[in-house]
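Please open the model in your viewer and keep the sequence panel beside it. The stops below say what to select and what is there.

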Protein chains: 2
Amino acid sequence: MNAASTLAKSTRDQIVEAADRLFYRTGYEYTSFAHIADAVQISRGNFYHHFKTKDQILDAVIGVRLARTQEMLAQWEREAAGPEERLRRFIEMLSANRADIQRYGCPVGTLCTELAKLQHAAHDDANQLFTLFRTWLRKQFRLLGRKADAEALAMHLLAMSQGVATLAHAFHDEKFIREEVRRMHEWLTSCLGDAPSHTPHD
Amino acid sequence: MNAASTLAKSTRDQIVEAADRLFYRTGYEYTSFAHIADAVQISRGNFYHHFKTKDQILDAVIGVRLARTQEMLAQWEREAAGPEERLRRFIEMLSANRADIQRYGCPVGTLCTELAKLQHAAHDDANQLFTLFRTWLRKQFRLLGRKADAEALAMHLLAMSQGVATLAHAFHDEKFIREEVRRMHEWLTSCLGDAPSHTPHD
C-alpha cells in the first residue's frame with residue numbers, strides 16, 4: 001500500500017467514524033452530507049470521492065458497528081470464565097455506557113427503530129446488530145442449562161436492556177439505569193435456579 | 001359557532017390527525033408539510049392558514065395524544081375494579097396494539113427518542129406522555145400496598161413495555177409480544193405477594 005492509498009483509507013475511516021457518531025447522536029434522517037463533511041473538515045469533492053450517497057455511508061457505519069460488536073462478544077467469551085459471567089458482562093454494558101445512553105439512547109435500538117419507520121432498505125442489516133446479541137445471549141443461556149427456553153430468555157434480557165435505555169434516554173436519568181441493572185442481575189440469579197416455565201419451541 | 005368556523009375547526013383536526021399518523025408511522029423528522037398536506041388533500045394556502053411551522057403541528061399532536069391518554073387512564077380507573085386489574089389493563093395495551101407496535105413501535109417511546117436526539121424544544125412536552133403513565137402506574141402500585149417501591153415498580157413496568165415494543169418493532173414479531181405479555185402478567189402476580197426488596201427513597 002502506497003502513501004496515497006493509506007491517506008485515502010484514513011479519510012474514508014474518518015468519514016465513517018464521524019457519520020457513526022452523528023447518526024447516533026442526532027439520528028440518521030437529520031444528519032446531512034454537510035454535517036458529516038463539516039465534522040471531518042474535508043471538501044465536498046474529497047467526500048464524494050469516497051461516498052456518493054448517505055446510504056453508502058450508512059452501510060459502512062453498520063459494517064463497522066457489526067465488526068466492533070463481534071469483537072466485543074469474542075472478548076467477553078475469552079475473558080469471562082463461563083456463561084453466567086458473560087451474561088453479567090452484557091448487563092454491565094448498560095452501566096459502562098450509562099452516560100451516552102442517558103444522552104443518546106442505545107445505538108442499536110435507536111438506529112433500528114428509525115430505519116424501520118423509514119422502511120429503509122438497510123433496516124435488515126441494522127437488525128443484524130440485534131441478531132448478534134440475540135444469538136450470543138441464546139448460546140450463553142443454553143450453556144447455563146436453559147436449553148428449552150434459551151431463545152425466550154435471550155429476547156427477554158435484550159428487551160429489558162432496550163426498555164431501560166429508552167426510559168433513561170427520555171428522562172436523562174443515570175440513576176434509573178443503576179437501579180435496573182441491579183434488577184437484571186437479580187433476574188439472572190433467579191434464572192440460575194429456575195426450571196423452564198413453558199414448553200420449548202425451538 | 002357559524003358554519004365557516006366549524007369547517008375551519010374540522011380542517012385543523014384533519015391536519016393534526018394526519019400529522020399524528022405520519023409522525024408515528026414514518027417519524028417526525030422525515031414527515032414534511034407536503035406529506036401532511038397530501039394526506040389531508042388541502043392546498044398549501046389552507047394549510048398555512050392553520051399552521052405556520054411543523055413545530056406548531058407537533059405541539060398540537062402532543063396535545064391530542066396527552067388528552068387521549070388521560071381519557072384512556074380515566075376509563076381504566078372507572079371500569080377496572082382495583083389497582084391489580086388496572087395494571088393488567090396497562091399490560092394488555094401491548095396485546096391490543098400489537099399489530100401497530102410490530103409495524104411502527106410504541107408511539108410514545110419512538111417520538112420521545114426522536115425528539116431527544118434532535119434536542120427538540122418539544123421533547124419535554126412529549127415526555128409528559130411517559131410521565132402520565134409513570135404517575136398513574138405509581139399510584140396503582142401504591143394502592144396495591146407497595147408504597148415503598150411504587151416508583152421503582154412503575155418505572156420497571158414502563159421499561160419492560162418499552163423494551164418489548166422496541167424488539168417487536170425491530171423484528172416485526174407479534175408472537176414475541178404475546179410471550180412477553182405473559183411474562184409481565186407473571187411478574188405482576190409476583191409483585192402482589194412480595195415485600196419491597198430495597199430501601200424506599202420517595
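A salt bridge here is a side-chain nitrogen of Lys or Arg within 4 Å of a carboxyl oxygen of Asp or Glu. The model is predicted, so local features need pLDDT of at least 70, side-chain atom pairs count only at pLDDT 80 or more, and totals for chains, interfaces and linings use all residues. Residues are numbered from 1 along each chain as its sequence is written, chains are lettered from A and ligands numbered from 1 in the order in which they are written, and side-chain values use heavy atoms, with hydrogens and water left out.

**Stop 1: salt bridges**

Over all chains, the search of the whole structure finds 30 salt bridges. Select D20(B) and R68(B): they form one of these, with the closest N and O atoms 2.6 Å apart. D20(B) belongs to helix α1 of chain B and R68(B) to helix α4 (residues 54-79) of chain B, so the pair ties together parts that are 48 residues apart in sequence. Helices (H or I, at least four residues) and strands (E, at least two) are DSSP runs, numbered from the N terminus. Is D20(B) buried or exposed? D20(B) counts as buried, at 11% relative accessibility, while R68(B), at 46%, counts as partly exposed. Buried means under 20% relative accessible area, exposed over 50%, and partly exposed in between (1.4 Å probe, protein chains only).

Next select R146(B) and D149(B), whose side chains meet in a salt bridge (2.6 Å, N to O). Both D149(B) and R146(B) are buried. In chain A, salt bridges that share partners join E179(A), E180(A), R182(A), R183(A) and E186(A) into one network.

**Stop 2: R86(B)**

Move to R86(B), in helix α5 (residues 83-96) of chain B. R86(B) is buried, with a relative accessible area of 10%. Which residues are in contact with R86(B), leaving aside its neighbours within four places in sequence? They are W76(B), E77(B), A80(B), A81(B), W136(B), Q140(B) and L143(B); contact means heavy atoms within 4.5 Å. With E77(B), the side chain of R86(B) meets in a salt bridge (3.8 Å, N to O). E77(B) counts as partly exposed, at 23% relative accessibility.

**Stop 3**

Select α7(B). Of its 11 residues, 10 are buried, so α7(B) is largely enclosed by the rest of the structure. Among the buried residues are L111(B), C112(B), E114(B) and K117(B).

α7(B) is followed by Q119(B), placed in the loop between α7 and α8 of chain B. The phi of Q119(B) is positive, about 45°, although this residue is not a glycine. Most residues other than glycine have a negative phi. Q119(B) counts as exposed, at 73% relative accessibility.

For another positive phi, go to Q41(A), which is not a glycine and has a value of about 60°. Q41(A) is found in the loop between α2 (33-40) and α3 (44-50) of chain A. Q41(A) is exposed, with a relative accessible area of 72%.

**Stop 3: the interface**

Between chain B and chain A the count is 0 salt bridges. The rule does find 11 residue pairs in polar contact across the interface, both residues at pLDDT 80 or more. A polar contact is a pair of N or O atoms within 3.5 Å; within protein, one must be able to donate a hydrogen and the other to accept it, and residues adjacent in sequence count only if both atoms are side-chain atoms.

**Stop 4: the axis**

Chain B can be laid on chain A with an RMSD of 0.0 Å by a turn of 180° and a shift of 0.0 Å along the axis. That is the relation of a two-fold axis. Copies are superposed by least squares on the C-alpha atoms of residues with pLDDT of at least 70 in both. End at G163(B), whose C-alpha is the nearest to the axis in chain B, 1.8 Å from it. Of the interface residues of chain B, 100% are also interface residues in chain A, so the copies meet through the same surface.
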